[in-house]
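Me: Could you walk me through this one? I'd like to start with how the parts hold on to each other.

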Amino acid sequence: MNLVLRTDSYKFTHWKQYPPNTTGIYSYFESRGGMFPNTVFFGLQYYLKAYLQGPRFTQADISQADEFCREHFGNTLFNREGWTRLYERHRGLLPVRIKAVAEGTVVPLQNVLLTIENTDPEFPWLTNYLETLLVKVWYPTTVATLSREIKKIIAGFLERTGDPSLLPFKLHDFGYRGVSSEETAAIGGAAHLINFVGSDTVAGIIFLQDYYGARNMPGFSIPASEHSTITAWGKQHELDAYGNMLRAYPAGLVACVSDSYNVYHACERLWGELLKPDIMHRHGTLIIRPDSGDPVTVLTRVFEILGEKFGYETNSKGYRVLPPYLRVIQGDGVNMFTIQNMLYQLSKFHGWSADNLAFGMGGALLQQLNRDTQKFAFKCSAAHINGQWRVVYKDPVTDPGKNSKHGRLALLEAEPGQFVTIENVQATEFEKQDRLVTVFENGQLLVDYDLESIRQRAQVPLGIPQGVA
Ligand code: AOY
């Protein structure tokens with residue numbers, strides 16, 4: 001699809017609607033509120049590289065858009081003259097300036113995250129034409145934010161009941177199959193990997209290599225069974241299927257879904273008795289995966305059985321830890337709230353350390369969120385008319401929460417992590433302190449963030465009490 005068509009239909013008609021003598025439109029992007037008090041800005045660089053940098057349209061693209069609009073509106077509403085002039089002046093390059101906070105930065109909501117303005121006074125209508133494309137950073141930003149909030153919860157439990165160094169592996173991305181598209185998987189899978197290193201969403205890893213300069217492998221996985229590889233042996237041969245898993249991967253980590261018929265029988269008799277010597281003498285760790293039933297109920301009983309059959313140690317924090325060759329992963333019914341509930345109940349009522357358990361999260365990580373999860377909005381806040389910048393804002397009487405910021409903006413970091421948005425900024429004011437960085441100008445990408453720097457900015461500090469236990 002050509003870039004001229006990558007916008008909402010009504011935006012084809014907006015070029016006629018600005019006041020006379022408008023030469024500049026300045027707009028910004030923010031999270032107005034939502035589930036979490038801050039957001040991890042991530043994903044803009046992909047949209048700049050994949051859709052905006054370099055020459056992005058030709059005269060043939062303009063003709064195609066013109067024909068599309070004729071049929072779509074039944075009228076010649078398309079700005080053919082404007083786009084033709086834009087092509088003649090800039091040869092397919094986009095004369096806009098985009099500033100944004102560095103990717104991976106954790107910004108409290110209601111702060112400016114991105115601004116865009118046209119750099120050629122002839123094309124003020126181009127600024128908001130690009131809204132439809134740019135606002136899509138809501139998705140990677142929301143996934144990175146959610147994944148980081150869950151990381152804070154798990155960090156709290158590990159600090160109180162076990163070993164915090166295990167944190168990067170505790171939330172594994174199972175979401176590839178549950179997303180709306182391959183592009184969603186790539187973008188969302190990458191966003192999760194800002195915070196963790198475990199993922200089965202291969203598209204997210206390739207995405208980080210392609211668009212975020214990931215050189216070292218950014219996501220890891222291990223051999224694991226699915227139901228078909230167990231049930232294909234037949235119900236009478238579940239033991240053979242499990243024995244085969246241990247022999248097929250004689251060392252290292254291996255995960256085995258164990259609920260095909262009866263997860264309690266599998267843990268007690270098959271893993272806990274018949275295969276116990278093989279597990280103990282294997283050079284690695286078996287990770288048992290329940291996959292049905294109420295997670296807390298099932299995990300409580302699975303841990304009780306495994307503790308009885310394999311024994312456990314009590315760690316220095318007073319919590320029970322299974323032998324190092326045995327762990328559990330829960331991938332069914334997993335979301336932020338159930339993770340907290342599982343860790344809380346297992347530690348508080350049954351004395352199990354968070355060390356014993358990892359999580360696989362799919363739909364709730366990559367698909368069960370939308371633009372309103374963090375109430376993202378893109379709004380015009382200034383217009384250059386008759387040679388002067390004018391403040392532009394909305395403030396609907398029907399919803400004060402939908403007001404917008406005034407004038408040109410700057411983002412200041414008063415103290416580390418403490419941000420404030422300055423409104424009505426004059427031309428060169430705050431230039432030195434502004435955390436908004438010019439990342440794109442006139443078709444050119446000016447900054448190329450790599451995964452390592454993004455991960456560092458998004459890091460969850462350890463040693464600060466978080467969550468509830
Ligand atoms: N993967 C850890 C490695 C991955 C998976 C992927 C849907 C894994 C399972 C496991 O242990 O069990 C997509 C469901 C599961």
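Predicted model: local features only at pLDDT ≥ 70, side-chain atom pairs only at ≥ 80, totals over all residues.

Me: What are the domains, then?

Reply: The domain assignment gives domain 1 as 3-141 + 369-457 and domain 2 as 142-366, the bounds coming from an automatic or database domain assignment. Their C-alpha centres lie 40 Å apart.

Me: How many salt bridges cross the interface of domain 1 and domain 2?

Reply: The rule finds one salt bridge across that interface, and there are also 20 residue pairs in polar contact between domain 1 and domain 2, both residues being at pLDDT 80 or more. A polar contact is a pair of N or O atoms within 3.5 Å; within protein, one must be able to donate a hydrogen and the other to accept it, and residues adjacent in sequence count only if both atoms are side-chain atoms.

Me: And how much area do domain 1 and domain 2 bury between them?

Reply: About 2,400 Å², with 64% of it on carbon and sulfur atoms, where buried area is the accessible area (1.4 Å probe) that two parts lose on being put together, summed over both. In domain 1, Tyr 46, Tyr 139 and Arg 455 lose the most area to domain 2, together 27% of what that side buries.

Me: Switching topic: where does Asn 111 lie?

Reply: Asn 111 lies in the loop between β4 (106-108) and β5 (112-118), strands (E, at least two residues) and helices (H or I, at least four) being DSSP runs numbered from the N terminus. The side chain of Asn 111 reaches the backbone oxygen of Pro 108 at 3.0 Å.

Me: Is Asn 111 buried or exposed?

Reply: Asn 111 is buried, with a relative accessible area of 6%; buried means under 20% relative accessible area, exposed over 50%, and partly exposed in between (1.4 Å probe, protein chains only). Leaving aside neighbours within four places in sequence, Asn 111 is in contact (heavy atoms within 4.5 Å) with residues including Phe 29, Lys 405 and Thr 421.

Me: What about Ser 404, buried or exposed?

Reply: Ser 404 is buried, with a relative accessible area of 6%, and its place is in the loop between β14 (388-391) and β15 (410-415). The side chain of Ser 404 reaches the backbone nitrogen of Lys 394 at 2.9 Å.

Me: Back to salt bridges, which residue does Glu 117 pair with?

Reply: Glu 117 forms a salt bridge with Arg 97, the closest N and O atoms being 3.3 Å apart. Glu 117 lies in strand β5 and Arg 97 in strand β3 (residues 96-100), so the pair ties together parts that are 20 residues apart in sequence. Glu 117 counts as buried at 5% relative accessibility, whereas Arg 97 is partly exposed at 25%.

Terms used. Residues numbered from 1 in each chain as written. Heavy atoms only, no water. Salt bridge = Lys/Arg side-chain N within 4 Å of Asp/Glu carboxyl O.
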